[in-house]
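This briefing is intended to be read alongside the sequence and the coordinates. Please have both at hand.

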Amino acid sequence: MKERRAELDMIRIIACFLVVLLHVASYGMEAKDPTTVDWLIRDAVVSLARCAAPLFFMLSGVLFMEKELSIGQLFRKYIARIALAWLLWSAFYAAIDVAAYLGSGDDPAGYFLTKLLSGHYHLWFLPSLLVAYLFLPLLQKLVSSCTVQELKYLALVILVGVIGKSTLDPFLGGNAAWDGFWDNFTIPFACIGLLYFVLGYFLYRYRECISAGKAFLLYFLFALVMIAINTVCAFRSGAHSTAGNGYLTLWVVLSSAGMFMFLLQILSEWSPGEKTAARLQSLSSHTFGIYLVHMLFIEQVFRRFGLTQDRFPALVSIVLFSVLTFVLSYVVVWVIKKIPVLGRWVV
């Protein structure tokens, strides 16, 4: 495989913007009345953008499943960078939380350590990606040595034991028999990266099996399922619900797969000019940093300048704040990248 492909750079940029869009739309959503138009619009946007993180994982699968790397290279070039970024940015967000939310009677050191080790909620992506990289040499051997029948068997096991459980949990969770049975088969949250990593690789290999129109329909229909599940559950409980948005649910997996295939299809024949390709490559190289930085603007910067989303209609607010967050995050990452040595490891 070629090292740089414009269509993959473009998908990475789209995925990054969708991450920002999702977090802008969902910020403060749990405090809103689910019967309002504002909540319904935000639920729709969040569900439509839920494919964002899976797109990142699937891109990594495309780029790394056939990449020849020694274990030493894998650790030096990729695992070390992800681990350090997680540690530094967890410390950064933990320090902000200590300054912004710690009460006068609380223990600053203990609070900081708790926040540091748990990590800011949007940083869950990094440990999950780290697990996928740690298992990469084994995944490569598994994929290359298994027969088609064995791979179908593996897919069936994952469908029933992982996706099936996650899909039914919102409806059966809380039932003693259901919970008691699955307590024997606890699935680590970090396995999300492994699933999408391998899925992206296979979708890329068999991308011609589905048309762009059918792929988009797959994405859109299952996004509608997410919206419907969230809305019904929220109306029943009278409170905010994300019952349909679990990353390992059937809806999110199929919706994400559909969007990935759709983007691959419409961008595969695209041949940008040399300057455009260079700009895309540059912007793509900043997306990891944008992912790390953008929550700072959403949670802290805007509100301290009196910029709250409630000042505008929901859809206008979501688009405006998403574009502003993306651009400002890009500028911050561009500046950080100019710092010798540090810039390469931090973002």
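Predicted model: local features only at pLDDT ≥ 70, side-chain atom pairs only at ≥ 80, totals over all residues.

Residues are numbered from 1 along each chain as its sequence is written, and side-chain values use heavy atoms, with hydrogens and water left out.

**Nonpolar core**

- The largest nonpolar core has 99 residues, of which Leu 55, Trp 89, Phe 125, Phe 197 and Phe 260 touch the most other members.
- Helix 1 (residues 6-26) is the main contributor to this core, giving 12 residues.
- A nonpolar core is a set of buried Ala, Val, Leu, Ile, Met, Phe, Trp, Tyr and Cys residues joined through side-chain atoms within 4.5 Å; buried means under 20% relative accessible area, exposed over 50% and partly exposed in between, with a 1.4 Å probe and protein chains only.
- Helices are DSSP runs (H or I, at least four residues), numbered from the N terminus.
- Trp 89 touches Leu 123, Leu 292, Val 293, Ile 336, Val 346 and Val 347, residues up to four places away in sequence not being counted; contact means heavy atoms within 4.5 Å.

**Helix 1 and helix 15**

- The axes of helix 1 and helix 15 (residues 314-337) come within 9 Å and cross at roughly 125°, so helix 1 is oblique to helix 15.
- Axes are lines fitted to C-alpha atoms, for helices over the stretch in contact, and angles run from 0 to 180 degrees between N-to-C directions.
- Angles under 35 degrees count as roughly parallel, over 145 as roughly antiparallel, 65 to 115 as roughly perpendicular and the rest as oblique.
- The crossing of helix 1 and helix 15 is right-handed, a term used if the near helix is turned clockwise from the far one by less than a right angle, with left-handed for anticlockwise.
- On the helix 1 side, Ile 13, Cys 16, Phe 17, Val 20, Leu 21, Val 24 and Ala 25 meet Ile 318, Phe 321, Ser 322, Val 323, Thr 325 and Phe 326 of helix 15.
- The residues of this contact comprise 11 nonpolar, two polar and no charged; Ala, Val, Leu, Ile, Met, Phe, Trp, Tyr, Cys and Pro count as nonpolar, Asp, Glu, Lys and Arg as charged, and the others, Gly among them, as polar.

**Helix 10 and its partners**

- Helix 10 (residues 191-205) and helix 12 (residues 250-268) have axes that come within 11 Å and cross at roughly 40°, which makes helix 10 oblique to helix 12.
- Their crossing is right-handed, and the contact of helix 10 with helix 12 has 11 nonpolar, two polar and no charged residues.
- The axes of helix 6 (residues 125-134) and helix 10 come within 7 Å and cross at roughly 60°; these two helices are therefore oblique to each other.
- Helix 6 also passes helix 10 in a right-handed crossing.
- Ser 128, Leu 129, Val 131, Ala 132 and Tyr 133 of helix 6 meet Ile 192, Gly 193, Leu 194 and Phe 197 of helix 10.

**Two residues of helix 11**

- Ala 215 lies in helix 11 and is buried, at a relative accessible area of 0%.
- Beyond its neighbours within four places in sequence, Ala 215 is in contact with Ile 210, Gly 258, Met 259, Met 261 and Phe 262.
- Phe 220 belongs to helix 11 (residues 212-237) and is partly exposed, with a relative accessible area of 34%.
- Phe 220 and Met 259 are 39 residues apart in sequence, and their C-alpha atoms are 8.3 Å apart in space.
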